[in-house]
Amino acid sequence: MSAPSDTPTACLVLADGTVFYGRGFGATGTTSAELCFNTAMTGYQEIMTDPSYAGQVVTFTFPHIGNTGVTAEDDETADPVAAGMVVKWDPTEPSNWRAQGELTDWLARTGRIGIGGIDTRRLTRQIRQQGAPHVALAHDPEGKFDLEALVAQARGFAGLEGVDLAKEVTCAQSYLWDEKRWAWPEGYSRRETPGHKVVAIDYGAKRNILRCLASAGCDVMVMPASTTAEEVLAQNPAGVFLSNGPGDPAATGAYAVPMIQGVLEQSDVPVFGICLGHQMLALALGAQTVKMNHGHHGANHPVKDLETGKVEITSMNHGFTVDSQSLPQGVVETHRSLFDGSNCGIRMTDRPVFSVQYHPEASPGPQDSYYLFERFVAAIEANQAVAAD
């Protein structure tokens, strides 16, 4: 693809040699990553700060990115985790009463590269047809690019298969979480009454997942990804939660699977997993995971509950999936994508242990699936009632 007549200040180079020229914003320099696309119409800040996007550059199919600015309340973790962003139109000045700053300034301050003026339709079609490519993204205000070196950088990217990224985004030490979901007009509030003690394993947990647990009635102890079963059970939890996160589930499973198996063998507490946590649970139960062609990233994915027939519109972000054909006896598929038929949920038939591939906390996205947090708490209460008899 030839450069436009006006000097480009950024370029996106695919490993096959394809070059997209555009206008850079945010930080300068270069980065390499896997390229994915996200179809959500809102929530670009939540997407960029979602730890599940580690090792990825995000192409936004919705053109109006940056219009609402940025606000600290919308961060899912302290800083952006996605390596960069690709958009159709250059970000404009923010027009929103909650805005505390501009997207371009925020990206520059946090070291993330953006490129605008890209034909995101063409790029998205290419990702769909050929799979998520490895890319190099460069921003130079003077428009000087060594394309040969950038192609080599894209081809040199190791990819996400076989890579444990959870260890890079997990918390360094355990901590308590009591902040609840945002509500008008007070914003975020804290739990004031005792709740059910839940250990949340942090593979890259979004803050809004933890807020949903707190709002549903849980006192949350967040623990690092490498936590052992003995360390989890030493907390005497009423339930165990397995969070979202990035990378290859098989790689993270090297230490996560033994922990989950240990919890299931030594305790009968309810277990609930989301996204990578769903994949970790599936592996622990004996199933397998596979890399998808281009994954699911968006806030408009229809999922069918196979047990009730209900269809939910969900938020998703994953590049690997559980192979439903590999589910062992005693584990059933509960949810399925209506886009491609891939697995979106499992449960054990004889225990309150379940998980879903999608994001019931949304952020961004529809609120159809919040009931799953309430289902988890109901399972905890039922388990406690049985223990009390």
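Guide: A crossing is right-handed if the near helix is turned clockwise from the far one by less than a right angle. Helix 8 passes helix 9 in such a right-handed crossing. Bear in mind that this is a predicted model.

Visitor: Which residues make the contact of helix 8 with helix 9?

Guide: From helix 8 come Pro249, Ala250, Thr252, Gly253, Ala256, Val257, Ile260, Gln261 and Leu264. Contact here means heavy atoms within 4.5 Å.

Visitor: What makes up that contact of helix 8 with helix 9, by class?

Guide: There are 12 nonpolar and four polar residues, and no charged ones.

Visitor: Why are helix 8 and helix 9 called roughly perpendicular?

Guide: Helix 8 spans residues 249–266 and helix 9 spans residues 276–285. They pack at an angle of about 65 degrees. Angles of 65 to 115 count as roughly perpendicular. Helix 8 and helix 9 are therefore given that label. Their axes lie 8 Å apart.

Visitor: Now the open spaces. What volume does the largest pocket have?

Guide: The largest pocket has a volume of about 660 Å³. It is lined by 26 residues, and the closest to its centre are Glu46, Asp74, Arg98, Ser363 and Pro364.

Visitor: Which elements give two or more residues to the lining of the largest pocket?

Guide: They are helix 1 (44–48) and helix 6 (207–216). Helix 1 gives the most, with three residues.

Visitor: How do the residues lining the largest pocket divide by class?

Guide: Seven are nonpolar, 13 are polar and six are charged. Asp, Glu, Lys and Arg count as charged, so Glu46, Asp74 and Arg98 belong to that class.

Visitor: What makes up the lining of the second largest pocket?

Guide: Thr39, Thr61, Pro63, Lys88, Asp119, Thr120, Arg121, Thr124, Arg125 and Arg128 line it. One is nonpolar, four are polar and five are charged. Pro counts as nonpolar, so Pro63 is the nonpolar one. The space in this second largest pocket is about 270 Å³.

Visitor: Which residues are closest to the centre of the largest cavity?

Guide: Of 17 lining residues, the closest are Ser52, Gly245, Gly247, His318 and Gly319. Helix 9, strand 13 (289–305) and strand 14 (311–322) each give two or more residues to this lining. Strand 14 gives the most, with four. By class, the lining has six nonpolar, nine polar and two charged residues.

Visitor: How much space lies in the second largest cavity?

Guide: About 90 Å³. Among its 15 lining residues, Ile47, Asp50, Lys206, Ser315 and Pro364 are the closest to its centre.

Visitor: Which elements supply at least two residues of the lining of the second largest cavity?

Guide: Helix 1 and strand 14 do. Strand 14 gives the most, with three residues. The lining has six nonpolar, six polar and three charged residues. Asp and Lys count as charged, so Asp50 and Lys206 are in the charged class.

Note on methods
Residues numbered from 1 in each chain as written. Predicted model: local features only at pLDDT ≥ 70, side-chain atom pairs only at ≥ 80, totals over all residues. Heavy atoms only, no water. Axes fitted to C-alpha atoms, helices over the stretch in contact; angles between N-to-C directions. Parallel < 35°, antiparallel > 145°, perpendicular 65-115°, else oblique. 1 Å grid on protein atoms, 1.4 Å probe; cavity = no way out; pocket = protein on both sides within 12 Å on 5 of 7 lines; lining within 4 Å. Points joined across faces, edges and corners; volume = space filled by probe spheres on them.
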